Structure formats: structure tokens, C-alpha cells
Amino acid sequence: PNVQFQILGHLDVHNPSAISKEQMNIWVKDGYVNYLGSSDNVRIEISKADCIVLPSFYREGTPRILLESASMAKPIITTNNVGCRDVVDDGINGYLCEVRNTQDLASKMELMINLPDKDRKTMGEAGREKMVEEFSEEIVINKYLESISEIL
């Protein structure tokens, strides 16, 4: 009760492992999720959420949605996977779940759902602090410049 799952992002109809439009329509019709479509301004949707969940199993680097969400003081649930785990200090600003383990993901979502609002807010604030201390624009640009200098 009192939980709403929303999915934001385009449906990749050319990727055979992606969720199909047909499957998404079934989930929406059955009331499991609210599909939001895609957006050029994800901040609006992030601001409405109590928690951002990205159960990624790709080796995609550091997902921008996690950086943006933590920067907006939202707690995160994501996989203990390359890039994703760099954004979350497990139990501090969110939870890490095992890659491709739906039971572990559900367990972490239950933990988050059952947290008092105050504790979720504290987690979000810890995420914002982490973004400022470890992922600020200045820090990222300096890392790039260091890498380029090493290569040259």
C-alpha cells in the first residue's frame, strides 16, 4: 500500500533484451507501474520521487541518472556493479543489490519503503554530500585533465 512504481525512459524497440511496448502496456494495465515515457528534463520526475532505483546489469560506467538523483538528495537503490556502486555507499545514501538478483532487489526496495521519511531524507542528504565531495564538476574535469596528461 501507498507505493507507486514509475518507469521513466524510452522503450528500446530495437534491443531484443529490452522491455517491449507490449509488456509495458500489460504492466501498466495491471497497475504494477506507471510508465512516464521519456523526458528531456528528468529533474522534474526525480524531484517527485522518494527513491530512485536503477537495477542495471550493464557495464555502462557511472549512470548519469544516479549522479543526478544523488545530487538532488534522493536515496538510491542500484546494483553492486561497475560505475553504479561508485555512487552509493551501501546503507548510507542508498542500498546496493546483487546484479540480476530480483529477490535481493525486492529486499532492498522493502528496506527503503519501510524506512521512516526522516531516514530516507538523511540518506538523500548523504548522497548530495557525496556528489559535492566526489563528483563535482571541478573534480571530474581535473580527473579528465590528469588522464589526458598521463596519456600525452
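Modeller: Start with Ala73, in the loop between H3 and E4. Helices (H or I, at least four residues) and strands (E, at least two) are DSSP runs numbered from the N terminus. This is a predicted model, in which local features need pLDDT of at least 70 and side-chain atom pairs count only at pLDDT 80 or more, while totals for chains, interfaces and linings use all residues. Residues are numbered from 1 along each chain as its sequence is written, and side-chain values use heavy atoms, with hydrogens and water left out.

Ala73 is not a glycine, yet its phi is positive, about 65°. Ala73 counts as partly exposed because its relative accessible area is 28%; the cut-offs are under 20% for buried and over 50% for exposed, with partly exposed in between (1.4 Å probe, protein chains only).

Next comes strand E4, residues 76-79. E4 pairs with E5 in the parallel sense, over four bridges; pairing needs at least two DSSP bridges.

E5 itself covers residues 94-97. Gly94 and Leu96 point one way, Tyr95 and Cys97 the other. In a regular strand the side chains alternate between the two faces of the sheet. All four residues of E5 are buried.

Past E5, the loop to helix H4 (102-114) holds Glu98. Glu98 has 48% relative accessibility, so this residue is partly exposed.

Arg100 counts as exposed because its relative accessibility is 64%. Arg100 also lies over the face of Phe57, 3.7 Å from the ring centre. That label requires NZ of Lys or CZ of Arg within 6 Å of the ring centre and within 35 degrees of the ring normal.

Now back to H3, residues 64-71. H3 supplies at least two residues of the lining of the second largest pocket, as do H5 (117-134) and H6 (137-151). H6 gives the largest share, five residues. The lining has 16 residues, and nearest the centre are Thr62, Leu67, Phe135, Ser136 and Val140. A pocket here is an open set of points on a 1 Å grid where a 1.4 Å probe fits, with protein on both sides within 12 Å along at least five of seven lines; lining residues have an atom within 4 Å of a point.
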